[in-house]
Amino acid sequence: QVQLVESGGGLVQPGGSLRLSCTASGSIFSVHAMGWYRQAPGKQRELVAKITRAGTTDYADSVKGRFTISRDNAETAVGLQMNSLKPEDTAVYYCNADVFDTATMRPGQYWGQGTQVTVSA
């Protein structure tokens, strides 16, 4: 009942920039937080950045100072501006939302399908 749609991934050279976007829709009563995770080949999925309804942000140490997360439309859309990209940023990036779902009448976490980011010269 809750869908997350991501966009903005692609191929970029080291030092370049990309902006990812995610929009949540469906049976959402309220959104507690949205964020981005990534998974590189051979590695575990890890938190990249998140933002709460109150605007509190959290970043992985590896992206602090380079990435910025922001709400693009109230609490139902989020963007991730990625600057000074490095080859180690290469991964599939997944949008995540923590919401109260009116279909189930309970909180839940939902995931997007993922978008590929490749940083290579």
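Begin by selecting cysteine 22, which is buried at a relative accessible area of 1%, where buried denotes under 20% relative accessible area, exposed over 50% and partly exposed in between (1.4 Å probe, protein chains only). The model is predicted, so local features need pLDDT of at least 70, side-chain atom pairs count only at pLDDT 80 or more, and totals for chains, interfaces and linings use all residues. Residues are numbered from 1 along each chain as its sequence is written, and side-chain values use heavy atoms, with hydrogens and water left out.

The link between cysteine 22 and cysteine 95 is left-handed, with -90° about the S-S bond. Cysteine 22 belongs to strand S3 (residues 18-26) and cysteine 95 to strand S9 (residues 91-101), so the pair, 73 residues apart, links distant parts of the chain. Strands (E, at least two residues) are DSSP runs numbered from the N terminus.

Now move to threonine 115 in strand S11 (residues 115-119). Threonine 115 counts as buried at 12% relative accessibility. Display the side chain of threonine 115, which reaches the backbone nitrogen of glycine 9 at 3.4 Å. Finally, select the residues in contact (heavy atoms within 4.5 Å): apart from neighbours within four places in sequence, threonine 115 touches Glu6, Gly9, Leu20, Ala91, Val92 and Tyr93.

Definitions and conventions
A disulfide is a pair of cysteine sulfur atoms within 2.5 Å. Helices (H or I, at least four residues) and strands (E, at least two) are DSSP runs, numbered from the N terminus. A polar contact is a pair of N or O atoms within 3.5 Å; within protein, one must be able to donate a hydrogen and the other to accept it, and residues adjacent in sequence count only if both atoms are side-chain atoms.
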